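Let's take them one by one.

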Amino acid sequence: MSAVDLSRWEPVIGLEIHVQLLTRTKMFCGCALSFGDAPNSHTCPVCLAHPGVLPVLNREAVRLAIVTGLALGCEIAPHSQFHRKNYFYPDLSKAYQISQYDEPICVGGHVSVLTPDGEFEVGITRAHLEEDAAKLVHVGGGGRRAGAESSGVDFNRGGTPLLEIVSEPDIRTSAQAGAFLRQLRSTLRRLGVSDCNMDEGSMRADANVSVRPAGSTELGTKTELKNMNSFRFLERGVDAEIARQVAILEAGGAVTQETLHYDPDLNEIHSLRSKEEAHDYRYFPEPDLVPVVPDRSWIEELRAGLPELPVDLRRRWVRDLGISFEDAEVLSEPRELVAYFEDVAGRVDAKAAANWVRGELRAQLRELGQEPWESRVTPAHLAELIGLIDDRTLSVPLAKEVLAEVIASGAAPAAVVEEKGLGQISDEGALVEIVERLLAENPDQAAQLREGKDKLVGFFVGQAMKASGGRADPARVGALVREKSGLS
Amino acid sequence: MPPVIDDATVRHVARLARLHLEPGEARTMEAELSGILEHVDVIQSLDLDDVPPTTHVLALENVMRDDVPRPSLSVEEALREAPEVVEGRFAVVKFEP
């Protein structure tokens, strides 16, 4: 796809995000939620839509919707209602989906999205409850509907509680769309609303995209880009759609309002449904479910119980601890990591703490399949290790060795240094001896160094580190090499 | 008053509901559906400004259950009424949406 001249066009993007709620049971029946179990092992007459059955609303799903609404600055509707959305598809047992229409549970919120380049605001139009469809599996034909020899329906997923969150068209770039979605994911995870695994389908994003001439305030014709199942595909899909629309408009054409599918393999956009069938859902109030009128005291109780949200946590860390946005983003979930990092950062320089927790500690633990808070390295241990670097007892490479030992044994870093004799050589005389010996043993390099070939300082520092078993202080050795070669 | 529902609308609704209409049925439906909508027009001519929209006749709200799993059907029971089963799933005939 050719590059687009965006100086003349402004993209306008809104997202619709579906998340599966972390309840134990389905939205309207007591079947347990499952992922990956044997097909049709979690069904009952309600979710299979046998005649005469009645749905009963899951209170926990309502609670999670309210908690989300409060976190997104929404008003919780004093009165909300379910509707039937009618359409025929084999994954829909009743031939209608129970959803919400003109009386959703959450309305009119907004969030401030934090990025490395500052903050931007996104309005939240609404968030409403509905049920997920079943899983349609196509046999033959490469797993796609077209060309499949036969298809089968697994109703385990049918009736899973979903929350659909709809944003205002306040997003202007694919990067902003990604930032908004990532922050929303952190927020929902922090709230315990959803696990938001895009690759397992517990978070799905659709994007409404239009473009308009730069400076215009009218909205162009929008298209809906369906079901992008990763952040990368969302950003690439939105970019591809912006490019497609700009190309149409620059050629003097008109964008058709339609539903589209982004194919990440080909980086291409395809039309998904025929237009005349789209959006004729004949919504009407669900007669089998009575209105939801949440008690104000319940809502206030849930509001009071909200945790510090990732956006507030990150803003606070960047402002008060001086760590970078990227560090703050990585360290702000899950909550165990937040507690771990804050414990370390309370004891030593926060930037060093962020560096070590995010970097070496996680890298070494990943090999063992452990998380920091489950490991033998306590926050106090890590702070002690950072302290040993600060007072020059340990070089960074030595500290990494000590860390490995702490991970293995759970011993305190200072004790490991003592036991293994790993501390840096602080005896100046010993360092001088090493440097003089190396200069003598490498006369060619020493001569070039004296002629001003400064790069060779690094060579001698490396040799000195090797000769000392990593225990020399590289900065001190470098200074000595220069001094003894008459460079400083 | 012209018919509220014309032939094209009847056929569109029938298509959405996946209903097959026998010859002549569309015309009957046209008259019956128009009659229903005309009756709604009568109701709409009343002054109902003070009457809130009613979706339920029951004076009930907030009927909810606790999030506690209950036993599901066995796979065999679940699939018993399926005309055809493919790999533990309800088989779907080849279709064009």
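Q: Which residue of β1(B) does Leu57(A) stand opposite?
A: In this predicted model, Leu57(A) faces Met64(B), which sits in β1(B).

Q: How many residues does each chain bring to the contact?
A: Chain B gives 34 residues and chain A gives 51, where contact means heavy atoms within 4.5 Å. About 3,800 Å² is buried between the two chains, with carbon and sulfur atoms giving 58% of that. Buried area is the accessible area (1.4 Å probe) that two parts lose on being put together, summed over both. Met64(B), Arg65(B) and Asp67(B) supply 20% of what chain B buries against chain A, more than any other three residues.

Q: Why is the link between Asp66(B) and Arg59(A) called a salt bridge?
A: The term needs a side-chain nitrogen of Lys or Arg within 4 Å of a carboxyl oxygen of Asp or Glu. For Asp66(B) and Arg59(A), the closest N and O atoms are 2.4 Å apart, so the pair qualifies. The rule finds 1 salt bridge across this interface.

Q: How do you know that chain A is more spread out than a compact globule?
A: Chain A has 15 helices and 15 strands. Its radius of gyration is 30 Å, well over the 23 Å that the globule rule gives for 488 residues, so chain A is more spread out than a compact globule. That radius is taken over C-alpha atoms, and the rule is 2.2 Å times the number of residues to the power 0.38.

Q: What makes β5 and β15 of chain A edge strands?
A: The open sheet has 3 strands in the order β5-β4-β15 (chain A), paired antiparallel. β5 (96–99) and β15 (284–285) each have a single partner strand, so one side of each is left without a neighbour in the sheet. Between β4 (residues 83–86) and β15(A) there are 2 bridges, and His83(A) has Pro285(A) as its bridge partner.

Q: What should I know about the numbering and the cut-offs?
A: Residues count from 1 along each chain as its sequence is written, and chains are lettered from A and ligands numbered from 1 in the order in which they are written. Local features need pLDDT of at least 70 and side-chain atom pairs 80 or more, while totals for chains, interfaces and linings use all residues; side-chain values use heavy atoms, leaving out hydrogens and water.

Key: Two strands pair if DSSP finds at least two bridges between them. Helices (H or I, at least four residues) and strands (E, at least two) are DSSP runs, numbered from the N terminus.
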